[in-house]
Amino acid sequence: MTSTITLISGAARGLGLETARRLSALGHTVLVGARDPERGRAVAEEVGGRWVALDVADSASVAAAAKDVAAHEGRLDVLINNAGVTGPFKEPAELTGEDALAVFGVNVLGIVRMTHAFLPLLRASADPRVVNVTSGLGSQTLTHDAERVEHSVVSPLYTSSKAAVTMLTTQYARGVEGVRFNAADPGYTATDLNHHTGTQTVTEGTDAIVALATEDASAGTGRAVDREGPLPW
Ligand SMILES: NC(=O)c1ccc[n+]([C@@H]2O[C@H](COP(=O)([O-])OP(=O)(O)OC[C@H]3O[C@@H](n4cnc5c(N)ncnc54)[C@H](OP(=O)(O)O)[C@@H]3O)[C@@H](O)[C@H]2O)c1
């Protein structure tokens with residue numbers, strides 16, 4: 001049996017890097033999606049995979065990455081849409097349309113670009129899966145619960161982009177036959193994204209991603225989970 005071929009966007013650092021390490025240790029052939037050639041190649045060498053040049057904000061880069069995977073691997077079993085940005089930390093009143101385009105361009109449009117470009121390769125797999133990395137900050141229930149850390153954050157663009165990621169996931173799951181789409185919330189994890197203020201390790205932060213990438217087809221599609229279980233909407 002050939003090994004599972006898994007592409008991870010934003011795999012050169014943070015949760016993407018840890019996901020690459022863990023899935024590689026579980027026997028996946030990891031395609032390290034990264035913008036920076038040096039970092040991408042170094043991580044690919046570390047995990048025994050291959051660097052794929054990938055900027056999810058750029059349709060031409062995404063199309064070229066799909067062409068590259070078609071030429072080298074000929075199929076994709078698991079797509080992990082992990083790349084994400086917070087956008088600027090500003091007073092909400094100061095946020096501009098350009099700020100929104102930058103955040104949604106990566107977090108939301110990036111997933112649409114990747115799904116569009118890679119679906120033909122996923123369809124060539126016997127058990128295709130897409131894992132979208134969302135956030136509890138996109139959950140209305142959690143951001144309105146004063147007991148939760150998600151309640152302490154006011155970041156209109158990031159939170160709304162992650163709400164869109166969760167909904168995109170459930171809509172693709174309903175609308176695309178034969179491919180499983182699920183969303184993982186890592187939980188508050190120490191990475192560059194939050195200047196390492198997160199309270200979880202990257203291993204804890206990748207538990208839900210790794211679970212969705214490796215679970216059996218009977219686990220289903222159209223779900224949003226964190227490492228404890230279902231993520232409230
Ligand atoms: N850390 C948390 O507490 C937490 C919680 C919930 C959800 N998340 C989500 O988890 C995911 C990973 O975040 P992280 O914490 O690991 O953050 P991180 O350390 O800042 O890493 C972000 C990754 O995204 C990549 N990226 C950004 N823009 C990109 C683009 N246009 N094209 C391709 N890659 C791009 C970065 O690549 P470069 O190295 O090239 O910049 C980097 O590899 C994100 O979707 C984030 O929203 C994180």
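How many residues line the largest pocket, and which of them lie nearest its centre? Here are my notes.

1. **Ground rules.** This is a predicted model, where local features need pLDDT of at least 70, side-chain atom pairs count only at pLDDT 80 or more, and totals for chains, interfaces and linings use all residues. Residues are numbered from 1 along each chain as its sequence is written, and side-chain values use heavy atoms, with hydrogens and water left out.

2. **The largest pocket.** To take the opening question: 50 residues line the largest pocket, and Gly84, Val85, Thr86, Thr191 and Leu193 lie nearest its centre. Helix H1 (14-25), strand E2 (29-34) and helix H7 (156-175) are the elements that give two or more residues to this lining. H7 gives the most, with four residues. Helices here are DSSP runs of H or I with at least four residues, strands are runs of E with at least two, and both are numbered from the N terminus.

3. **How pockets are found.** The search uses a 1 Å grid over the protein atoms alone; a pocket is an open set of points with protein on both sides within 12 Å along at least five of seven lines, a cavity is a set where a 1.4 Å probe fits but cannot get out, and lining residues have an atom within 4 Å of a point. The largest pocket holds about 1300 Å³ of space, where volume means the space filled by probe spheres set on points joined across faces, edges and corners.

4. The lining of the largest pocket splits into 23 nonpolar, 17 polar and ten charged residues. For the classes, Ala, Val, Leu, Ile, Met, Phe, Trp, Tyr, Cys and Pro are nonpolar, Asp, Glu, Lys and Arg are charged, and the others, Gly among them, are polar.

5. **The ligand.** The ligand sits in the largest pocket, meaning that more than half of its atoms lie within 2 Å of the pocket's grid points. Around the ligand are 28 residues, of which Arg13, Arg35, Asn82, Tyr158 and Thr191 come nearest; a residue counts if one of its heavy atoms lies within 4 Å. This shell has twelve nonpolar, ten polar and six charged residues, and H1 and H7 each supply at least two of its residues.

6. **Ligand oxygens.** An N or O atom in the side chain of Thr191 is 2.6 Å from an oxygen atom of the ligand. From the backbone, an N or O atom of Leu15 lies 2.8 Å from a ligand oxygen, and a polar atom of Gly84 is 3.4 Å from one. Taken alone the ligand exposes 890 Å², and the protein buries 93% of that (Shrake-Rupley areas, 1.4 Å probe).

7. **The other spaces.** The second largest pocket has about 180 Å³ of space; its lining has three nonpolar, three polar and six charged residues, including Arg148, Glu150, Asp185 and Arg227. The whole structure has one cavity of 30 Å³ or more. Helix H5 (residues 109-122) gives the largest share of the lining of the largest cavity, three residues, and that lining has no charged residues. Asn82 is one of the residues lining this cavity.

8. **Arg50.** Arg50 belongs to strand E3 (residues 50-53). Its side chain makes polar contacts with the side chains of Asp68, at 3.0 Å, and Glu73, at 2.9 Å. A polar contact is a pair of N or O atoms within 3.5 Å; within protein, one must be able to donate a hydrogen and the other to accept it, and residues adjacent in sequence count only if both atoms are side-chain atoms.
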